[in-house]
Amino acid sequence: MNSTTKTTTGNAAKGARSDENLNQLRLLPGRRYTSSEFAAAEWEQMWTKAWLLLGRESEMPEPGDYQVEEIGLESILMVRQKDGGVRAFYNVCQHRGNRLVGAECGGVDHFVCAYHGWKWGLDGGLEWVKDAEDFPADTCQKVRLAEIKCETFAGFVWVNMDPDCCSLREYLGPVWDLLQAFPLPDMRRYMALTTRVPCNWKCVHDNFNESYHVGVLHPQSSGHIDDNYKDTGFFTYNNGHSLMKMKSGRPARRGDKWSEPTPMLETLMHMWELNPDDFKGRPAAVREALQQQKRKLGPSRGYKHYEQLSDEQLTDFMHFFIFPNISASITADGCHFLRARPSRNDPGQCVFDNWFYATEPEGVTTPVVLPGAIVTTVPRGTDVPHEFIEYGSRSLGLGIDQDMSANIGQQLGFQSRGYKGGLLAGQENRVRHFHDTIDGYIAGHKPVRA
Ligand code: FES
Ligand SMILES: [Fe+2]
């Protein structure tokens with residue numbers, strides 16, 4: 001009895017020691033995702049200091065065209081100027097704080113506040129005040145809308161609420177050059193869905209920052225995406241950005257076996273005049289054959305930008321993470337943008353944007369492969385409208401539905417007293433980089449000038 005008791009105690013003590021060792025490896029405690037205090041620190045120290053991708057240039061082509069985007073506690077108004085530039089302002093009237101613009105987008109000559117009628121110019125200047133003589137002298141001449149740093153790059157409008165921030169180019173560093181290889185400004189929007197998801201915004205980007213889950217959560221992709229981490233490239237850059245290169249155009253290898261090619265891969269072969277029968281028993285060869293066909297046939301089919309792309313860029317997924325909240329899966333033919341924004345007052349919720357942009361070659365109608373392996377030919381010329389949907393009311397695409405269900409499951413787990421923090425594999429290093437960067441901001445570090 002005594003010896004049994006001793007043994008049990010000994011094992012318990014040993015167990016406690018190994019738990020201690022394990023606990024030292026654990027990162028990302030649940031409170032990072034559930035605590036209002038942590039969310040407030042992120043807002044004050046990070047969201048208001050980082051460059052944020054908010055608008056799309058092509059959606060405001062003419063002077064006076066504007067877009068409004070919500071981010072956390074703020075609403076940001078971006079407007080095309082008469083000189084062709086874009087400026088951004090806090091969407092707040094400087095008389096007594098009314099929200100200046102209610103619509104998501106539109107075109108105007110002036111902004112008129114609905115409360116007392118103050119009229120604001122496109123450049124943020126105050127143009128007209130009712131009963132101006134009733135205000136102290138000069139008041140109206142001096143008041144302007146509160147302007148925010150704003151730059152355009154890759155077809156998008158980026159803003160930074162920190163007046164002392166570095167330039168966008170400095171902020172993006174090598175990612176600036178990497179993105180320039182792709183014709184992002186010329187791509188057209190084929191999908192734009194926004195929904196509110198019951199998980200913290202970081203769950204969404206943790207997920208897109210690793211491919212560890214792909215073979216398990218997305219079994220449908222193993223026939224055209226090779227998710228083996230040993231064949232995947234992981235790169236991290238200053239300021240929290242990162243890149244993951246996943247080989248595509250061939251199935252995943254599981255042990256000694258290749259997965260079966262999916263109908264998706266066969267569709268790609270047909271699109272590029274390859275016969276799937278020629279690749280029976282050697283699916284690994286499809287990727288290189290696709291690269292050669294795209295190189296040979298692409299430019300004459302209108303895909304002029306292929307000439308600028310490397311072989312791997314012709315077939316593979318370049319999964320960029322642009323800190324703090326853009327996950328962009330870019331291929332030769334399109335870009336799947338995923339953005340999660342923090343909820344105004346609930347760390348357990350986020351606003352999730354699911355956008356897909358694709359090239360539209362001159363003079364040809366070619367199928368476009370949308371997320372979820374949907375192949376479509378969409379009428380040319382205009383962007384699809386932006387839709388707000390209730391989460392769960394319809395599919396966001398199979399892969400995204402799968403991702404979101406896992407993110408929601410995690411959020412539930414993060415609230416559990418039984419969750420002791422995450423254990424990250426080497427291949428999840430981009431998740432670690434993402435969180436280390438958030439911690440750096442909270443500790444008061446500013447983005448590095450590259
Ligand atoms: S609050 Fe806008 S005019 Fe008064
Ligand atoms: Fe996923």
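Through how many residues does a hairpin join E17 to E18? The hairpin between E17 and E18 runs through three residues.

The views below show a predicted model, in which local features need pLDDT of at least 70, side-chain atom pairs count only at pLDDT 80 or more, and totals for chains, interfaces and linings use all residues. Residues are numbered from 1 along each chain as its sequence is written, chains are lettered from A and ligands numbered from 1 in the order in which they are written, and side-chain values use heavy atoms, with hydrogens and water left out.

View 1. Helices (H or I, at least four residues) and strands (E, at least two) are DSSP runs numbered from the N terminus. Strands E16 and E17 pair in the antiparallel sense over five bridges, where two strands pair if DSSP finds at least two bridges between them. Met318 stands opposite Ile330 in E17, and a hairpin of three residues joins E16 to E17. Strand E18 (residues 334-342) also pairs with E17 in the antiparallel sense, over five bridges; here Ile326 stands opposite Arg339 in E18. E17 is mostly covered, five of its five residues being buried, a term that means under 20% relative accessible area, with exposed over 50% and partly exposed in between (1.4 Å probe, protein chains only). In a regular strand the side chains alternate between the two faces of the sheet. Both faces of E17 are covered: on one side Ile326, Ala328 and Ile330 are buried, and on the other Ser327 and Ser329.

**View 2. The cis peptide bond at Pro324.** The peptide bond from Phe323 to Pro324 is cis, with omega near 5°. Pro324 lies in the loop between strand E16 (317-322) and strand E17 (326-330).

**View 3. The site of the iron ion (ligand 2).** The protein donors of the iron ion are His213 (NE2), His218 (NE2), Asp403 (OD) and Asp403 (OD), at 2.1 to 2.7 Å from it. Donors are N, O and S atoms within 2.8 Å of the metal (3.2 Å for Na, K and Ca); water is not among the atoms, so sites may look incomplete. Along the chain, the donors follow the spacing H-x4-H-x184-D. Angles of 53 to 143° among the four donor atoms make the site irregular. Four donors count as tetrahedral if all angles lie between 85 and 135 degrees; four count as square planar and six as octahedral if opposite donors are over 155 degrees apart and all others between 65 and 115; anything else is irregular. Both His213 and His218 are buried.

**View 4. The surroundings of Gln67.** Gln67 belongs to strand E2 (residues 65-71) and is buried, with a relative accessible area of 7%. Its side chain reaches the backbone nitrogen of Arg56 at 2.9 Å. The side chains of Gln67 and Glu59 are joined by a polar contact of 3.0 Å, that is, a pair of N or O atoms within 3.5 Å; within protein, one must be able to donate a hydrogen and the other to accept it, and residues adjacent in sequence count only if both atoms are side-chain atoms. Leaving aside neighbours within four places in sequence, Gln67 is in contact with residues including Met60, Ile76, Leu77, Met78, Glu104 and Cys105, where contact means heavy atoms within 4.5 Å.

**View 5. The open sheet E6-E7-E8.** Three strands form this open sheet in the order E6-E7-E8, with antiparallel pairing. The edge strands, each pairing on one side only, are strand E6 (111-112) and strand E8 (126-128). Two bridges join E6 to strand E7 (residues 119-120), and Phe111 has Trp120 as its bridge partner in E7.

**View 6. Two loop residues with positive phi.** Leu28, a residue other than glycine, has a positive phi near 55°. Leu28 is found in the loop between helix H1 (2-25) and helix H2 (31-34) and is buried, with a relative accessible area of 11%. Asp131 is not a glycine either, and its phi is positive at about 55°. The loop between E8 and helix H4 (139-142) holds Asp131, which is partly exposed, with a relative accessible area of 42%.

**View 7. The two domains.** The chain is divided into domain 1 (52-164) and domain 2 (170-442), with bounds that come from an automatic or database domain assignment. The C-alpha centres of domain 1 and domain 2 lie 33 Å apart, and 19 residues of domain 1 are in contact with 22 residues of domain 2.
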